[in-house]
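Subject: Structure handover

Hello,

Here is the structure we talked about. Please have it open while you read; my notes follow below.

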Amino acid sequence: MSTPGLNSGGLWVRLGTLATLVFAVGPIALDAEGERVRATLAAALGRALRVDVEIRPALTYRELLGWVGRREVQIAWLGPALFVQAHARFGVEPLVRMEREGRASFRGALFVREDADITTPEQLAGKRVAWVDPDSCAGFLFPRIALAQRGLDPDRLFADMRILGSHGAVVAAVASSQVDIGATFVEHVDPDDPSTAIARAGWSQADVPMRAVLTSDPIPGDVIAATRVLDERWRARIVEVLEALDRDPDGAPAMRALFQAARLVPAVSDDYAPVRDALRAAGVRI
């Protein structure tokens, strides 16, 4: 019995004799430990799917979106904003979304060092801010919308704005006082109530205590999506494997380490309507 698609004009014929599934991820965990985690996760997925799996990290969100658009990869981890753009422009379809400790959504936040003399969004005026990337929901889009909802123009509020490319770089810049404020993600104990304690944040592993000054509306979780090059028969099988990943002794720790996800659950494009609205508010054509 042949593996689906290997000799039937499907995915693996397009890939050639190597039969490799290429899984693209964004600029996360780019150090040696991240390379080890990606290898562990790729091996776990490969065993379950019975094909070789390559997890390929992009250096930027733009590079990741380019791979998806050129159909150089079959599946991709996409933040919510990238997914919405890729769905509209390139026809990618969601396979699963990430759920973190039972929370299907997260929020963006503007944060400062604990010892900063900033307690309200209005006191951010004239300060230095670090953003993650214009395509980052938590690290750019949603915190800016939250400022606008307070009557504060994010383009005029700050004396200096920097785009640093990753949540880790933003946290490091705030911790070292290179900037006064950063944007990253937060998850509250009660995801529906931003007044509850923060269970996890982009700064959770920082050596310097941090606190949020402003949090955004909820953001749906990151997506693992399929590009059009992926054979339909493989989509169902990949979803099955991804949904069971939290029970794999090797795959579950690797998934948690790489994506901070407790499990992967079914996703549909309509889950991301709030993100489409946010992108349009930011002037992005979809």
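Helices H4 and H9 (residues 273-281) pack at an angle of about 85 degrees, and their axes are 9 Å apart. That makes H4 roughly perpendicular to H9; the cut-offs are under 35 degrees for roughly parallel, over 145 for roughly antiparallel, 65 to 115 for roughly perpendicular, and oblique for the rest. Axes are lines fitted to C-alpha atoms, for helices over the stretch in contact, and angles run from 0 to 180 degrees between N-to-C directions. On the H4 side, the contact uses Pro80, Ala81, Val84 and Gln85. They meet Val275, Arg276 and Leu279 of H9. Contact means heavy atoms within 4.5 Å.

Some ground rules. This is a predicted model: local features need pLDDT of at least 70, side-chain atom pairs count only at pLDDT 80 or more, and totals for chains, interfaces and linings use all residues. Residues are numbered from 1 along each chain as its sequence is written, and side-chain values use heavy atoms, with hydrogens and water left out. Helices (H or I, at least four residues) and strands (E, at least two) are DSSP runs, numbered from the N terminus.

The sheet

Six strands form an open sheet with mixed pairing, in the order E2-E1-E3-E11-E4-E12. E2 and E12 (263-266) are the edge strands, each pairing on one side only. The twist averages 25 degrees from one strand to the next. Two strands pair if DSSP finds at least two bridges between them.

E1 (residues 20-25) pairs with E2 (residues 52-57) in the parallel sense, over six bridges. Within that pair, threonine 20 stands opposite aspartate 52 of E2. From E1 the chain crosses through helix H2 (residues 32-49) to E2, and this β-α-β crossover is right-handed. Right-handed here means that, with the strands pointing away from the viewer, the path from the first strand over the helix to the second runs clockwise.

E1 also pairs with E3, again in the parallel sense, over two bridges. Here phenylalanine 23 has isoleucine 75 in E3 as its bridge partner. H4 lies across E3, E4 (93-99) and E11 (223-226), and runs at about 135 degrees to E3.

Helix H3

Which residues of H3 (residues 61-69) are buried? They are Tyr61, Leu64, Leu65, Gly66, Trp67 and Val68. Buried means under 20% relative accessible area, exposed over 50%, and partly exposed in between (1.4 Å probe, protein chains only). Their cover includes E1, E2, E3 (75-78), H4 (80-90) and H6 (167-175). Just after H3, arginine 71 takes a positive phi of about 60 degrees.

H2 against H8

H2 packs on H8 (residues 251-259) at an angle of about 135 degrees, with the axes 9 Å apart. The two helices are therefore oblique to each other. Their crossing is left-handed: the near helix is turned anticlockwise from the far one by less than a right angle, whereas clockwise would be right-handed. H2 contributes Val37, Arg38, Thr40, Leu41 and Ala44 to the contact. H8 contributes Gly251, Ala254, Met255, Ala257, Leu258 and Phe259.

Loops with positive phi

Serine 177 is not a glycine, yet its phi is positive, at about 65 degrees. Serine 177 lies in the loop between H6 and E8 (181-188). Its relative accessibility is 38%, so serine 177 counts as partly exposed.

Glutamine 260 is another residue other than glycine with a positive phi, near 55 degrees. Its place is the loop between H8 and E12. Glutamine 260 is partly exposed, with a relative accessible area of 34%.

Two prolines

Is proline 154 buried or exposed? At 9% relative accessibility, proline 154 counts as buried. Proline 154 is found in the loop between H5 (137-149) and E7 (160-163). Not counting residues up to four places away in sequence, proline 154 touches Arg144, Leu147 and Met161. Proline 143 is eleven residues from proline 154 in sequence and 9.0 Å away in space, C-alpha to C-alpha.

Proline 274 is found in H9. At 39% relative accessibility, proline 274 counts as partly exposed. Proline 274 and aspartate 217 are 57 residues apart in sequence, but 9.2 Å apart in space, C-alpha to C-alpha.

Best wishes
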